[in-house]
Amino acid sequence: WLPEATGGLNWPQETRYTLAAHLCQPATFAMHGLSLAIGAAVQKLAALESSEEPAQYAERGRRILRLDVSTLSAAMMAAQVLMWKGRVHWHGALTIGFCMGLKMLCEQSFHVGDMKHVTTRYTLRELLAGEKRACELLLGANRCGITPCSPLRHVNIFRSMLCSLLLESTQILDSMSVTLDAPCPELHVLVLDDDPVVRLAHTEMVRTLEPCARVTAVASVAEAIGAVEQFSGSQPVQLVLLDLDLSGQTADDGWRLPLCLSEDPRSGLTLANQIDPLMGAEPGTDFRAKPLVAVVSGAISQPSHLRAVCNRGADVAVAKPLKLRALKVMIDASGAADIIG
């Protein structure tokens with residue numbers, strides 16, 4: 001599908017794309033966590049031996065086209081449908097995904113011909129045909145019973161799935177750099193844990209990765225909700241590191257998973273369920289976003305726990321102790337580091 005060829009148009013924003021392509025040298029920057037996640041997803045879908053090539057291509061597209069987290073997630077969402085239902089090679093599927101993501105979510109003018117700066121492998125006709133096929137497949141998926149919700153909510157769900165996949169891919173995670181793509185002084189992380197030692201440790205880990213970040217550390221759901229409301233206008237919370245059990249008890253004192261998965265105020269998921277903005281009256285046009293909610297708990301010990309937690313309001317879940325590389329993935333996925341240096 002999509003043979004080698006070059007396309008031709010009057011390319012908009014020529015200087016910006018050309019400069020970005022010139023500076024996009026893989027050895028000179030730390031790869032974004034979501035690019036690594038896309039590499040892992042493509043490797044699984046296409047049964048590749050390695051995730052390196054698709055991850056590098058995702059990063060190339062991200063940098064040259066200046067894709068934020070939502071647009072990159074939308075790109076992989078479209079690419080997955082093309083690979084799975086359309087039997088399209090991963091490179092062509094991801095290329096079409098870039099186009100689809102930009103057209104769905106990007107505020108700036110984008111033309112399919114701009115893909116010339118990422119790859120010259122496909123003609124304009126082939127790219128447009130690929131877009132049409134992707135639209136048909138995505139609409140077909142919606143007709144198969146997917147619950148109606150906003151496009152951005154679909155993208156956020158897919159972003160969380162990519163993030164979780166990378167967090168579970170130990171080999172890829174252990175090899176990634178912990179250097180952030182660029183300074184992100186706007187990063188605001190909310191740490192909710194009833195253990196002061198853990199609150200301090202998570203605060204220091206955030207500041208190790210981003211010294212200029214704002215970190216709000218609290219011990220209760222009420223304090224956390226107050227912090228979210230207080231900073232909603234000035235510096236909104238982008239990432240929540242959330243403990244499950246806020247009862248003040250240790251495992252030996254009778255900690256139970258059902259308590260943490262309930263609506264009990266001692267459960268951290270109480271915040272996860274309250275922090276999500278109410279859906280709009282018209283879900284198809286509700287484009288409001290929310291922070292990335294990451295559960296960090298010693299109770300997370302098997303895949304069934306991960307699924308249970310993520311089905312009750314959290315976006316991702318990892319076991320304690322939190323690792324620096326896992327935190328880097330979460331910061332990347334939160335969109336705080338979307339500004340590309």
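Both Y57 and F98 are buried, where buried means under 20% relative accessible area, exposed over 50% and partly exposed in between (1.4 Å probe, protein chains only). The structure is a predicted model, in which local features need pLDDT of at least 70, side-chain atom pairs count only at pLDDT 80 or more, and totals for chains, interfaces and linings use all residues. Residues are numbered from 1 along each chain as its sequence is written, and side-chain values use heavy atoms, with hydrogens and water left out.

A pair of aromatic rings is described by the distance of the centres and the angle of the planes. Rings of Phe, Tyr and Trp (its six-membered ring) pair if their centres lie within 6.5 Å; planes under 30 degrees apart count as stacked, over 60 as edge-to-face and the rest as tilted. The count by this rule is 2 aromatic pairs. Y57 and W90 form an edge-to-face pair, with 6.2 Å from centre to centre and 70 degrees between the planes. Y57 lies in helix α3 (residues 52-65) and W90 in helix α5 (residues 90-105), so this pair ties together parts that are 33 residues apart in sequence. Helices (H or I, at least four residues) and strands (E, at least two) are DSSP runs, numbered from the N terminus. Y57 counts as buried at 7% relative accessibility. W90 is buried too, with a relative accessible area of 6%.

Y57 and F98 form a tilted pair: 5.6 Å centre to centre, 45 degrees between the planes. F98 lies in helix α5 and Y57 in helix α3, so the pair ties together parts that are 41 residues apart in sequence. Ring pairs thus link Y57, W90 and F98 into a cluster.

Helix α9 (residues 196-209) has 14 residues. From first C-alpha to last, α9 reaches 20 Å, close to the 20 Å expected at 1.5 Å a residue; the expected span is 1.5 Å times one less than the number of residues. V198, R199, H202, T203, M205, V206 and L209 of α9 are buried. They cover an arc of only 160 degrees around the axis, which puts them on the same side of α9; the arc is that of the directions from the helix axis to the C-beta atoms. The face turned away from this buried side carries the exposed residues P196, V197, L200 and T208.

The buried residues of α9 pack against β1 (188-192), β2 (214-218), β3 (239-242), β4 (292-297) and α14 (324-334), contact meaning heavy atoms within 4.5 Å.
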